[in-house]
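Hello,

Here is the structure we talked about. Please open it first, then read my notes below.

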Amino acid sequence: MADLVPTPGQTVGPFFHYGLAFPADSELTAPGHRNSVRLHGTVYDGAGEPVPDALIEVWQADSSGAVVGAQGSLHRDGWTFTGWGRAATDSSGHYSVSTITPGSAGPGQAPFFAITVFARGLLDALFTRAYLPHGNLAGDPLLSGLEAGRRKSLICQAEPAGYRFDIRLQGESETVFLTYSRTP
């Protein structure tokens with residue numbers, strides 16, 4: 001048998017607008033829900049230019065900190081919180097989801113949105129967190145392990161109707177991205 005030669009991986013985009021959209025995909029809660037907030041921002045590349053063809057997935061705990069474990073994350077009925085959604089960026093690199101404010105998912109942990117980024121040129125998806133600007137930021141295990149200058153790339157900006165979280169894929173203000181180990 002001849003030796004197999006490894007080939008380069010394929011990038012994870014930019015086909016999102018064609019095959020991954022579904023009705024209300026960016027609505028973890030209905031926009032009119034009484035506890036609804038907006039999480040939005042812009043995805044920037046290494047040159048500081050907006051990325052018009054990225055896909056952002058949001059995973060989060062509910063307002064009490066419970067992580068939804070039921071099947072049916074694609075189910076959208078206007079009131080059931082599923083804990084998951086996705087939003088494609090528009091032509092200006094902007095994304096927006098309608099959700100609720102997450103609670104702390106564990107002791108000492110600050111509330112956060114878990115975010116997965118898919119974009120052209122990436123060989124793998126990128127994982128990060130968008131922490132709420134209030135809560136136990138100093139005591140959070142992940143945040144406290146980062147240098148102060150890097151820590152701020154993971155903290156949302158509060159706005160009257162929710163939160164803003166810009167994602168910088170490279171460069172001086174690059175967002176901190178996480179690596180999850182795989183267990184056998």
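**What I found**

W84 is buried, with a relative accessible area of 6%. Keep in mind that this is a predicted model.

W84 has an aromatic partner, W59. The ring centres of W59 and W84 lie 5.7 Å apart. Their planes meet at 55°, so the pair counts as tilted. W59 belongs to strand β2 (residues 55-60) and W84 to strand β3, so the pair ties together parts 25 residues apart in sequence.

Strands pair through backbone hydrogen bonds, either parallel or antiparallel. Here, four strands make an open sheet, ordered β3-β2-β5-β6, with antiparallel pairing. Which strands stand at the edges? They are β3 (84-88) and β6 (126-131). Each has a single partner strand, so one side of each is left without a neighbour in the sheet. On average, neighbouring strands are turned by 25° against each other, direction ignored.

Look at β5 (residues 112-118) next. β5 pairs with β6 over six bridges, in the antiparallel sense. I115 has T128 in β6 as its bridge partner.

The structure holds four aromatic pairs. Another of them is F112 with Y131: centres 5.4 Å apart, planes at 50°, so this pair is tilted. F112 sits in β5 and Y131 in β6, 19 residues apart. Both F112 and Y131 are buried. R129 lies over the face of F112, at 4.0 Å from the ring centre.

Best wishes

How values were computed. Residues numbered from 1 in each chain as written. Predicted model: local features only at pLDDT ≥ 70, side-chain atom pairs only at ≥ 80, totals over all residues. Heavy atoms only, no water. Pairing = 2+ DSSP bridges. Helix = DSSP H or I, 4+ residues; strand = E, 2+ residues; numbered from the N terminus. Axes fitted to C-alpha atoms, helices over the stretch in contact; angles between N-to-C directions. Phe/Tyr/Trp six-rings, centres within 6.5 Å; stacked < 30°, edge-to-face > 60°. Buried < 20%, exposed > 50% of the residue type's maximum accessible area, 1.4 Å probe, protein only. Lys NZ or Arg CZ within 6 Å of the ring centre and 35° of its normal.
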